[in-house]
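Here is a short briefing on one chain. It covers the fold, the helix contacts and the salt bridges.

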Amino acid sequence: MNPTKLRQATVKHIENEIKVIKETEHEIAYMLRNGFLDKSFTHENNKTMTMAFVNKRIRKMEDIVSVIKQTYDESPEEQQQVIKLRYWSNKNLTWDGIALELNMHRNTAHNYKNDFIKLIAKRLGWM
């Protein structure tokens, strides 16, 4: 397998994390605000184990959010525009629509997205 080639499942996972970054931030804040424990995570017999699980989950969520934000902030403006239109706008544009709106070829827009996802995967250690 090519070391620079991501599995399709990994690409989809990263794309989903990008799409739901705001919800993830809200979930982290909720969990922290409520003393790390949400009723859906409590276990009657072992709160210590539950706390460790929730803390680990929060750390992973924070890492993913941090990497996405850092990668976005460090990206060129054109790439940021592609990511914003693809994942955070309510326009539901196709690649042709994104390319038309940003006045670039659809392959360029798609390459910006692929490069962004690969960089996130590398930074998270998933590649």
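Partly exposed means a relative accessible area between the two limits: under 20% is buried and over 50% is exposed. At 48% relative accessibility, D96 therefore counts as partly exposed. The model is predicted. The chain has 6 helices and 0 strands.

**Overall fold**

- Along the sequence, the pattern reads α-α-α-α-α-α.
- The chain has 127 residues, and 34% of them count as buried.
- Take the contacts in the chain with a separation of 6 or more: residues 24 or more positions apart account for 60% of them.

**Helices α1 and α2**

- Helix α1 spans residues 8–19, and helix α2 spans residues 21–33.
- Their axes come within 5 Å and cross at roughly 70 degrees.
- The crossing angle of roughly 70 degrees falls in the 65 to 115 range, so α1 is roughly perpendicular to α2.
- On the α1 side, the contact uses E17, I18 and K19.
- On the α2 side, the contact uses I21, E23 and T24.
- By class, this contact of α1 with α2 holds 2 nonpolar, 1 polar and 3 charged residues.

**Helices α4 and α5**

- Helix α4 covers residues 77–88, and helix α5 covers residues 95–102.
- The two pack at an angle of about 135 degrees, with axes 10 Å apart.
- An angle counts as roughly antiparallel over 145 degrees and as roughly perpendicular from 65 to 115. At about 135 degrees, α4 and α5 are therefore oblique to each other.
- The crossing of α4 and α5 is right-handed.
- From α4, the residues in contact are Q81, V82, L85 and R86.
- From α5, the partners are W95, I98, E101 and L102.
- The residues of this contact of α4 with α5 divide into 5 nonpolar, 1 polar and 2 charged.

- The whole structure holds 8 salt bridges.
- One of them pairs E15 with K113, with the closest N and O atoms 3.7 Å apart.
- E15 lies in α1 and K113 in α6 (residues 106–124), so this pair ties together parts that are 98 residues apart in sequence.
- Is E15 buried or exposed? E15 is buried, with a relative accessible area of 8%.
- K113 is buried too. The relative accessible area of K113 is 6%.
- K12 joins E15 and K113 in a network of salt bridges.

- E25 and K22 meet through their side chains in a salt bridge of 3.8 Å, N to O.
- Both residues lie in helix α2. E25 and K22 are 3 residues apart, about one turn of the helix.
- K22 has a relative accessible area of 52%, so it is exposed, the cut-off being over 50%.

- The side chains of R106 and D96 form a salt bridge at 2.9 Å, N to O.
- R106 sits in helix α6 and D96 in helix α5, so the pair ties together parts that are 10 residues apart in sequence.
- R106 is partly exposed, at 36% relative accessibility.
- D96 is partly exposed, at 48%.

Terms used
Residues are numbered from 1 along each chain as its sequence is written. This is a predicted model: local features need pLDDT of at least 70, side-chain atom pairs count only at pLDDT 80 or more; totals for chains, interfaces and linings use all residues. Side-chain values use heavy atoms; hydrogens and water are left out. Axes are lines fitted to C-alpha atoms, for helices over the stretch in contact, and angles run from 0 to 180 degrees between N-to-C directions. Helices (H or I, at least four residues) and strands (E, at least two) are DSSP runs, numbered from the N terminus. Angles under 35 degrees count as roughly parallel, over 145 as roughly antiparallel, 65 to 115 as roughly perpendicular and the rest as oblique. A crossing is left-handed if the near helix is turned anticlockwise from the far one by less than a right angle, and right-handed if clockwise. Contact means heavy atoms within 4.5 Å. Ala, Val, Leu, Ile, Met, Phe, Trp, Tyr, Cys and Pro count as nonpolar, Asp, Glu, Lys and Arg as charged, and the others, Gly among them, as polar. A salt bridge is a side-chain nitrogen of Lys or Arg within 4 Å of a carboxyl oxygen of Asp or Glu. Buried means under 20% relative accessible area, exposed over 50%, partly exposed in between (1.4 Å probe, protein chains only).
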